[in-house]
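Reader: Hi! Could you walk me through this one before I set anything up?

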Amino acid sequence: MPDDSRFRQNPSPTDAERRDLIKDLPGFPMNRHFESLDRAVRVFSGNSLELAQHVGHFVGTDKMPSELEDAYEHELVRLFHNYLASAMTLRDVQRAVHRTIWPTKGKNDKGQLILSDWEVKHWQPKVSEAYGSAQIKFLQELRNYTVHYDLPVPKQSTRISWSAGGPVVHENRLRLNKNKLLQWNGWTAQPRNFLNTQHDWMEFLPIIEKYSVAVREFYKWFWDTIAKELSPQYSDFNETMTEFSLWTAEQKAFRNWKISHHPRSDGHPEPSPTETRRELAMRRAKRWEHGSRGWRLFRVHPLTNMAEQIGEDPWGLPPRSNR
């Protein structure tokens, strides 16, 4: 633990002082990697959900394209663009994080980056496994198409079919125009070859579904990998931060329980003492289950070369509340 002499004489440190202790942990700077990843995946997941919900207003229904409002297509284009952009943002954030943890080795005489051994042995094979198919390469480069050429416009169409004695089948589709996409000269070989094998109006929703699954699986692999790499420093920070969060949640529940015994004068409804007591018990049980490691400071005695504790525990959170 770091030497925090400013806390040693304070038997009851404040929450602000505890936060300062947390910031001094070796794992604290690492937390920004996980926060960056969490923000990026939340944006991607949100855009993915919004796109799926909007698509569901047409695909899977018995509506005809003429029944859709004009705004449907405009909103579809916007949500499709946001989905593609956030997917590439997540990819770039993941790359930035791993190159912070496993930096490149400079550049060679041709100005090319010399990748870390980890990136060569682990990152690149996993990327190829998750995103190496032609369909996913096409979807990734479709983002470049939207930036450098045009916004793709999915077109609505309906196919109605039936067979003798069978039910009428109403199938709504959203498709992209292959010839319009091929007008852009920025496609690399694999996505261009994939496009050339498609019909004039190509399906793209199955590709989005496949890509979304790949993103989730890759994200989980990457998160688990860096969590393991940054342990034990990050796990120690995470345990301490969790303990502090559980403590503050218990204190808030305790305050609410006390307040619930004094109803508001304006008649505004408040939770009953029974409800707040139940919440307090639940918060307390969670913190007790987690426990406390404490925060003892040590030094090596100059004469005996033995470790000895110095000062009081600056953390000051008992594993169980005395209330």
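Author: Happy to. The chain averages a pLDDT of 86, and 91% of the residues score at least 70; pLDDT is the predictor's confidence in each residue, from 0 to 100. This is a predicted model, so local features need pLDDT of at least 70 and side-chain atom pairs count only at pLDDT 80 or more, while totals for chains, interfaces and linings use all residues. Residues are numbered from 1 along each chain as its sequence is written, and side-chain values use heavy atoms, with hydrogens and water left out.

Reader: Where does pLDDT stay under 50?

Author: Over residues 1–10. The model has 22 contacts beyond four places in sequence for that stretch, a contact being heavy atoms within 4.5 Å. Where pLDDT is low, the predicted coordinates should not be read in detail.

Reader: Noted. Which residues touch the most other members in the largest nonpolar core?

Author: Phe 138, Leu 142, Leu 181 and Tyr 211, out of 61 residues in that core. Helix H3, residues 70–101, gives the most to this core, with twelve residues. A nonpolar core here is a set of buried Ala, Val, Leu, Ile, Met, Phe, Trp, Tyr and Cys residues joined through side-chain atoms within 4.5 Å. Buried means under 20% relative accessible area, exposed over 50%, and partly exposed in between, using a 1.4 Å probe and protein chains only. Helices (H or I, at least four residues) and strands (E, at least two) are DSSP runs, numbered from the N terminus.

Reader: And what does Tyr 211 touch?

Author: Leaving out residues up to four places away in sequence, Tyr 211 touches Phe 44, Tyr 83, Ala 87, Met 88, Tyr 131, Ile 136, Leu 139 and Gln 140.

Reader: Switching to the surface: which residues make the nonpolar patch?

Author: Met 64, Ile 160, Trp 162 and Val 168 make a nonpolar surface patch of about 430 Å². Patches are made of residues with over 30% relative accessible area and no salt bridge; like charges are joined within 9 Å, and nonpolar side chains (Val, Leu, Ile, Met, Phe, Trp, Tyr) within 5 Å. Accessible areas come from the Shrake-Rupley method with a 1.4 Å probe, and for residues only the protein chains shown count as cover.

Reader: Where is Trp 162?

Author: In the loop between strand S1 (155–161) and strand S2 (169–177). Trp 162 is exposed, at a relative accessible area of 62%.

Reader: What about Ser 116, buried or exposed?

Author: Buried, because its relative accessibility is 5%. Ser 116 sits in the loop between H3 and helix H4 (117–131). Beyond its neighbours within four places in sequence, Ser 116 is in contact with Trp 102, Pro 103, Thr 104 and Lys 105.

Reader: I always check backbone geometry. Which residues does a cis peptide bond join?

Author: Ser 231 and Pro 232, with omega about 5 degrees. Pro 232 lies in the loop between helix H8 (205–230) and H9. There is also Asn 305, which has a positive phi of about 60 degrees although it is not a glycine. Most residues other than glycine have a negative phi, and most peptide bonds are trans.

Reader: Where is Asn 305 found?

Author: In the loop between strand S4 (297–300) and strand S5 (307–310). Asn 305 is exposed, with a relative accessible area of 61%.

Reader: Now charges. How many salt bridges are in the whole structure?

Author: A search finds 17, each being a side-chain nitrogen of Lys or Arg within 4 Å of a carboxyl oxygen of Asp or Glu. In one of them, the side chains of Glu 75 and Arg 78 meet at 2.5 Å, N to O. They are separated by about one helical turn, because Glu 75 and Arg 78 are three residues apart in helix H3.

Reader: Which residue does Lys 180 meet in a salt bridge?

Author: Asp 150, at 3.0 Å, N to O. Lys 180 lies in helix H6 (residues 178–181) and Asp 150 in the loop between helix H5 (134–148) and S1, so the pair ties together parts 30 residues apart in sequence.
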